[in-house]
4 protein chains.
Amino acid sequence: MDVEYLDHMGNDLAVVNAARVSFSKTSEWLPSGSTSDYPDVVYQNIDGNPVNLKQGDHKLIQYLARHNHWTPFAHTAIKLRVSAPVPIRTQCFKHKSGLVENEESRRYITTTPELFIPDSFREAPMGNVKQGSGEAHYFSKQWLDLYQRVGKEAIAYYQMMIDAGICPEQARFILPQGVEVNWVWTGNLASYARFFNQRTDPHAQKEIQYLAEEVGAIIEPLFPVSWKALTA
Amino acid sequence: MDVEYLDHMGNDLAVVNAARVSFSKTSEWLPSGSTSDYPDVVYQNIDGNPVNLKQGDHKLIQYLARHNHWTPFAHTAIKLRVSAPVPIRTQCFKHKSGLVENEESRRYITTTPELFIPDSFREAPMGNVKQGSGEAHYFSKQWLDLYQRVGKEAIAYYQMMIDAGICPEQARFILPQGVEVNWVWTGNLASYARFFNQRTDPHAQKEIQYLAEEVGAIIEPLFPVSWKALTA
Amino acid sequence: MDVEYLDHMGNDLAVVNAARVSFSKTSEWLPSGSTSDYPDVVYQNIDGNPVNLKQGDHKLIQYLARHNHWTPFAHTAIKLRVSAPVPIRTQCFKHKSGLVENEESRRYITTTPELFIPDSFREAPMGNVKQGSGEAHYFSKQWLDLYQRVGKEAIAYYQMMIDAGICPEQARFILPQGVEVNWVWTGNLASYARFFNQRTDPHAQKEIQYLAEEVGAIIEPLFPVSWKALTA
Amino acid sequence: MDVEYLDHMGNDLAVVNAARVSFSKTSEWLPSGSTSDYPDVVYQNIDGNPVNLKQGDHKLIQYLARHNHWTPFAHTAIKLRVSAPVPIRTQCFKHKSGLVENEESRRYITTTPELFIPDSFREAPMGNVKQGSGEAHYFSKQWLDLYQRVGKEAIAYYQMMIDAGICPEQARFILPQGVEVNWVWTGNLASYARFFNQRTDPHAQKEIQYLAEEVGAIIEPLFPVSWKALTA
């Protein structure tokens, strides 16, 4: 599982100015070198200069996020390259609003896929809980061995089918769901923040919590004030 | 793979009247028993009576479809229960606009999944073609045997992991992608017609062509004039 | 301003069963005539019989709403006919997700539009508040007279332009924004509940608060448990 | 009416590489200074250097556009500031998919709005045609005078109401629909191309044809190959 930055549009000031169009106003950066007694000052690197938002613009972003006025955050774009095993990819794609994805297609490609290996196999959750997981299973190591043996064997059979001339679109049925899929993912601040908030929840699967944290680690330095406000 | 009707809202006249709101007009069914010299007359069963559209309303639907005025078709709803193997399910879910899905979650359920068995394993496409498939592979029967043996073994290992107390959300990584997933799918005429047109194309995977035809077979009698116009 | 019921698909049990597909389960109505000690029992008229949800299904709907699991509520459809003055219509159409609209078009129609007359003209909000309104203005009656005189005069000029052969698509520029627009609006429970919650907020414009309450009054008896849970 | 560039993300090569992720491939610019015998060569200024796409990448973009594979075009963003009179703004906002807007709100602002003045008032279309317009009306000049007198009077009454302490959210009902609205509009290549194609159609209102051409004039130099392919 991996997340890589590709491109983005916008910064915290762009969020502010998308909101201020409601009032027919625009704002500007507090100039580089200005002192600020605002406690939450965040310096941002714009064109090689450290700048920060005016205090009123900080507060506006916090107000927008608190009242779920999400459209000013949507005039931004962040483009990432992500890889994750099939069920985690499927969870990611459940987030539709404001996100677009292009993924590798096993109708086209026939290269040997990579098997995702978890750190450990975890126990089922205790008691009446219906989802999630507990600590590492007592025999986690043995299950990891089994999983890798079975998974790699299935991948080997896949490759045999490809080599024998079976069409890729059907051969993929034999692949384990643990193989990794690569995709390009583009969304805006508001859509990624919804993804992050839902998928870093302790009830989410550990694997997607990890992925969401990686996404957050990329976006936060690009939009520090907005990201903090949206994910508070 | 299977598609089952659950519920729907609307009929061809509802499409007509959603369009006629632009003109502040409403239309009605040509009454039961009326004779019509319109060649394309389609009798529909509304409240137990055979009725059909007026000729002008037929033509309006055809005009709307031909010029991609899709919103009048979107004031409808069709709810289906579908099952398909993972990669086909993933293709279905690429259709986002106007569709919503709820699928069974292997974070919750631990029942033994069913393996999709194709009629045959097909050959890779000939020449320079990058996707699709050809005729049944010469050794299709042998590959089917192999696929079922490997697939069912993986399912058995899955069940072992569940029985040993591994959390379902991780155990599913060992499952083959050929296992069937069930979901409830709700969309409107316009969104299902886009799905149908794209997925019955000869370049689409045979398995999704079959699924799209099943979807069409359910929707067509509910909206005969509209469906014919949208999928012409 | 007016809201009229046109059609719908679904009921509270359909919401329950769209959620239970995650667990590969389905539920049923508590049969007509069953006694229930559940305090929140809501009898619903299904096929002419009073039925209600099982207690566990009540609780499931409340759980889904509280945790913003909105997709089970989206396998439903409600179709309305609405009229409102231009700026209120514009606020309604800001709600995009899960809603589709077809409105009358003044590129086509040339009938005399109706002017929306508010009960009173309200005062600007006090102090530092940037939006909303206060009580009726002291001279509300005089402003209402002025508004009607100016508005109706503009409508008369519109009609003169139409009669003189000016194209409708341009003549409409002279119309006041207070003229009413008619549209057909189709959405699901989740999307209408978002609209209702945001537009019945005390900060919303009084006129759209009224419209949202009318929408709620139509939907609540169709989905009593779900609507109550989503708008709590 | 006016359209102004604010920001963007992406270029033609980014479109190519969003598509090539399906094949697990990436492409690069043909280096600056390379000669190309490809007839459709378009030099683009990237980081101050003239570069162009490889011939195969040109062809890929054309293939994607021709077959309506729109997602690779959606990993881009273009942010504009637009102003247009109310009915034209409403037509723009009918384009929902992949576009987000923030507009000035006359619940907040109370400045004197600007009245849009068309070049001429056109005749209604001839014969049985239901929408559109013909040549300038014989008395266009007189109608323009009337429109401006009535429109400016209504704006003056609006200002009187504001000055007298009427809440802005109601005072706006008296404004003519011809007043201009400002908004920030962010979308991707695919969504703007759909807007452009539909609104430069000869059946579209002249005013929105003009606006769509302005949008196109801004986007084309940023994505010359893609824009040409999408709007062919």
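A salt bridge here is a side-chain nitrogen of Lys or Arg within 4 Å of a carboxyl oxygen of Asp or Glu. The model is predicted: local features need pLDDT of at least 70, side-chain atom pairs count only at pLDDT 80 or more, and totals for chains, interfaces and linings use all residues. Residues are numbered from 1 along each chain as its sequence is written, chains are lettered from A and ligands numbered from 1 in the order in which they are written, and side-chain values use heavy atoms, with hydrogens and water left out.

Select E103(A) and K94(B). Their side chains form a salt bridge, 2.6 Å from N to O. The rule finds six salt bridges across the interface of chain B and chain A.

Next, select the side of chain B that touches chain A. Five elements of chain B each supply at least two residues to this side: α3 (86-93), β5 (99-103), α4 (140-163), α5 (168-171) and α7 (206-219). Helices (H or I, at least four residues) and strands (E, at least two) are DSSP runs, numbered from the N terminus. With ten residues, α4(B) gives the most.

Now show both sides. The contact (heavy atoms within 4.5 Å) takes 57 residues from chain B and 57 residues from chain A.

Finish at Q205(A), in the loop between α6 (189-199) and α7 (206-219) of chain A. Q205(A) counts as buried because its relative accessibility is 1%, where buried means under 20% relative accessible area, exposed over 50% and partly exposed in between (1.4 Å probe, protein chains only). Beyond neighbours within four places in sequence, Q205(A) is in contact with residues including R122(A), R107(B) and F173(B).
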